[in-house]
Amino acid sequence: MAQIYISLGSNVNKEHYIRQALLNLQKEFTNLEHSTVFESEAVGFVGSNFYNSVVGAQTDMPLEHLCLLLKNIERDNGRKVNDKKFSPRTLDLDLLFYNDVICDSPAQLPRDEITKNAFVLQPLAEIAPNFIHPVAKKTIAQLWNEYNNPNQKLWKVEFTNP
């Protein structure tokens with residue numbers, strides 16, 4: 001079984017789409033662990049605030065199938081294939097880790113934004129503090145403790161899991 005972590009993000013009807021993502025992921029994975037939902041300002045473009053969180057699960061699904069599943073869930077929830085990288089999102093599901101796999105295809109693993117964005121690193125540190133980043137060779141808790149970007153602010157959101 002592979003340990004996986006997936007980031008969830010939305011800034012269009014955000015509570016609805018985060019809830020839809022969780023419902024879809026609960027159908028695929030048992031024992032889904034969900035972080036706190038955080039709100040943050042858009043990074044890289046001017047837009048409405050995002051809701052972000054991270055889920056963890058275990059799967060025997062091959063990496064390629066998992067990546068396809070995440071893209072299909074995004075598409076089924078209004079995400080357009082040709083959306084610009086920095087633009088509003090109904091739903092953004094990014095695979096952060098698949099065990100300690102390091103690769104660029106079918107997804108960039110580990111995901112580069114883990115160490116760059118508080119909206120990924122803080123919820124990840126909440127549910128996977130002892131997971132070791134296979135490139136940085138540090139735990140997620142260590143990476144979060146060392147994180148220093150005062151321009152990225154997060155605040156917790158009252159959110160009830162479906």
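**Group meeting: rings, core and a pocket**

Okay, let's start with phenylalanine 97, which counts as buried at 1% relative accessibility; buried here means under 20% relative accessible area, exposed over 50%, and partly exposed in between, with a 1.4 Å probe and protein chains only. Before I go on, this is a predicted model: local features need pLDDT of at least 70, side-chain atom pairs count only at pLDDT 80 or more, and totals for chains, interfaces and linings use all residues. Residues are numbered from 1 along each chain as its sequence is written, and side-chain values use heavy atoms, with hydrogens and water left out.

So, the rings. How many aromatic pairs does a search of the whole structure find? Four. The rule is that rings of Phe, Tyr and Trp (its six-membered ring) pair if their centres lie within 6.5 Å; planes under 30 degrees apart are stacked, over 60 edge-to-face, and the rest tilted. Take tyrosine 5 and phenylalanine 97: their ring centres are 6.4 Å apart and the planes sit at 90 degrees, so that pair is edge-to-face. Tyrosine 5 lies in strand S1 (residues 2-10) and phenylalanine 97 in strand S5, so the pair ties together parts that are 92 residues apart in sequence. On naming, helices (H or I, at least four residues) and strands (E, at least two) are DSSP runs, numbered from the N terminus. Tyrosine 5 is buried too, at 7% relative accessible area. Tyr5, Phe97 and Phe131 form one aromatic cluster.

Another pair is tryptophan 144 with tyrosine 147, and this one is stacked, 5.5 Å centre to centre with 20 degrees between the planes. Tryptophan 144 is partly exposed at 26% relative accessibility, while tyrosine 147 is buried at 17%.

There's also a charge over a ring: the charged end of arginine 19 sits over phenylalanine 159, 4.6 Å from the ring centre. The cut-offs there are NZ of Lys or CZ of Arg within 6 Å of the ring centre and within 35 degrees of the ring normal.

On to the core. A nonpolar core is a set of buried Ala, Val, Leu, Ile, Met, Phe, Trp, Tyr and Cys residues joined through side-chain atoms within 4.5 Å. The largest one has 29 residues, and Ile6, Leu8, Leu66 and Leu95 touch the most other members. S1, helix H1 (14-28), strand S4 (50-59), H2 and S5 each supply at least two residues of this core, and H2 gives the most, with six.

Helix H3 (residues 118-127) has eight of its 10 residues buried, so it is largely enclosed by the rest of the structure. Phe119, Leu121 and Ile127 are among those buried residues.

Now the loop between S5 and H3, where proline 106 lies. The peptide bond from serine 105 to proline 106 is cis, with omega near 10 degrees. Proline 110 has its place in the loop between S5 and H3 as well, and the bond from leucine 109 to proline 110 is cis, with omega near -10 degrees. Asparagine 99 also belongs to that loop, with a positive phi near 50 degrees.

Over in the loop between S1 and H1 we find asparagine 13. Its phi is positive, about 45 degrees, although it is not a glycine, and asparagine 13 is exposed at 53% relative accessible area.

Last stop: which elements each supply at least two residues of the lining of the second largest pocket? Helix H2 (63-76) and strand S5 (92-98). A pocket is an open set of points on a 1 Å grid over the protein atoms alone, where a 1.4 Å probe fits, with protein on both sides within 12 Å along at least five of seven lines; lining residues have an atom within 4 Å of a point. Pro106 is one of the lining residues.
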